[in-house]
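Please keep the viewer open as you go through the points.

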Amino acid sequence: MYTWIVLALALWFCVGDGLIHAEGGLIARVGQSGEFLELEQSNGQVLKDYLPLYRAGGVRYFSVGVGLEERQAQYPPFLLKLVFTAGGKPYLAGVDVTIQPAKGEAITISREQVEGPWLFVDLPPGTYDISATYGEHQQALKGIKVVGGKQKTVHLRWTEDTGPTVRVPNE
C-alpha cells in the first residue's frame with residue numbers, strides 16, 4: 001500500500017509540473033547579439049533555450065515548430081511565416097526556399113537551416129515570389145503581399161511525403 005501512495009504522489013508531482021510548464025508558454029526574443037533567439041518561460045520560471053537566427057543579406061530568419069512547446073510559443077513579429085506540410089504529415093522540415101522580391105536579389109534559404117515546419121522571415125513590406133523545394137518537388141507562389149505591422153502566414157503543401165533526395169555517386 002505504501003508503494004502505491006509513493007507512486008501516486010510521484011505521478012501527481014510529474015503531471016502537476018508538466019501542467020505548470022504547459023500553461024506558462026514560451027516567449028521568444030531576439031538575443032542581444034542578434035545571432036539567436038532566446039526562448040524563455042512566460043510564467044516566471046527561468047527556463048532558457050536558444051535557437052539560431054540566420055541572415056541572408058539584410059534579412060533575418062529562423063525555423064521552429066518541431067515540438068508542442070515551440071508551436072505554442074510567442075515569436076518576434078517577423079512579417080512572413082511559411083508553414084510546410086506533406087501527405088498526411090501535419091508538419092515538414094528540410095525544405096529549400098527562395099524568396100524573390102519585386103526588385104533586388106533573391107533570398108535563398110537552404111534545407112539545413114529549415115529544421116522545423118515553420119519558417120519566420122523578417123522581410124520588409126513588399127510583394128514577393130516564393131518557391132520551396134522538398135525532395136524533387138517544387139511549390140511556387142507568385143505575388144505574395146507582405147504588409148508592415150501584420151504577419152502574413154503562407155502554407156506550402158505537398159501531396160505526398162517524398163523526402164529529400166539523396167544522390168549516391170556511381171562507384
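**A strand on the inside**

Strand β6 is largely enclosed by the rest of the structure, because seven of its seven residues are buried; buried means under 20% relative accessible area, exposed over 50% and partly exposed in between, with a 1.4 Å probe and protein chains only. Strands (E, at least two residues) and helices (H or I, at least four) are DSSP runs, numbered from the N terminus. This is a predicted model, in which local features need pLDDT of at least 70 and side-chain atom pairs count only at pLDDT 80 or more, while totals for chains, interfaces and linings use all residues. Residues are numbered from 1 along each chain as its sequence is written, and side-chain values use heavy atoms, with hydrogens and water left out.

**The chain overall**

- The secondary structure comes to two helices and twelve strands, and along the sequence they follow the pattern α-β-β-β-β-β-α-β-β-β-β-β-β-β.
- Of the 171 residues in the chain, 36% count as buried.
- Contact means heavy atoms within 4.5 Å. Among contacts in the chain with a separation of 6 or more, 55% come from residues 24 or more positions apart.

**β6 and its sheet**

- Leu80, Leu82, Phe84 and Ala86 point one way from β6, while Lys81, Val83 and Thr85 point the other way, and all are buried.
- An open sheet of five strands runs in the order β4-β5-β9-β6-β12, with mixed pairing; two strands pair if DSSP finds at least two bridges between them.
- The edge strands of this sheet are β4 (54-56) and β12 (152-158), each of which pairs on one side only.
- From one strand to the next, the twist averages 25°, where axes are lines fitted to C-alpha atoms (for helices over the stretch in contact) and angles run from 0 to 180 degrees between N-to-C directions.
- On one side, β6 pairs with β9 in the antiparallel sense over four bridges, and the bridge partner of Lys81 in β9 is Phe120.
- β6 also pairs with β12, here in the parallel sense over seven bridges. In β12, Val83 has His155 as its bridge partner, and Phe84 has Leu156.

**Nonpolar cores**

- A nonpolar core is a set of buried Ala, Val, Leu, Ile, Met, Phe, Trp, Tyr and Cys residues joined through side-chain atoms within 4.5 Å.
- In the largest such core, with 28 residues, Phe84 and Val97 touch the most other members.
- A second, separate core has 14 residues, including Leu37, Leu39, Phe78 and Trp118.

**Aromatic contacts**

- A pair of aromatic rings is described by the distance of the centres and the angle of the planes. Rings of Phe, Tyr and Trp (its six-membered ring) pair if their centres lie within 6.5 Å; planes under 30 degrees apart count as stacked, over 60 as edge-to-face and the rest as tilted.
- By this rule there are eight aromatic pairs.
- The Phe62 and Phe78 pair is edge-to-face, because the ring centres are 5.3 Å apart and the planes stand at 70°. This pair links distant parts of the chain, 16 residues apart: Phe62 is in strand β5 (residues 59-64) and Phe78 in the loop between α2 (68-72) and β6 (80-86).
- How are the rings of Phe62 and Phe120 arranged, stacked or edge-to-face? They are stacked, because their centres are 4.8 Å apart and their planes are at 10°.
- Phe62 is buried at 0% relative accessibility, as are Phe78 at 2% and Phe120 at 3%.
- Phe62, Tyr75, Phe78, Trp118 and Phe120 form one aromatic cluster.
- Lys81 lies over the face of Trp118, at 3.7 Å from the ring centre; a charge sits over a ring if NZ of Lys or CZ of Arg is within 6 Å of the ring centre and within 35 degrees of the ring normal.

- Pro77 lies in the loop between α2 and β6 and counts as exposed, at 73% relative accessibility.
- The C-alpha atoms of Pro77 and Val121 are separated by 9.4 Å, with the two residues 44 apart along the chain.
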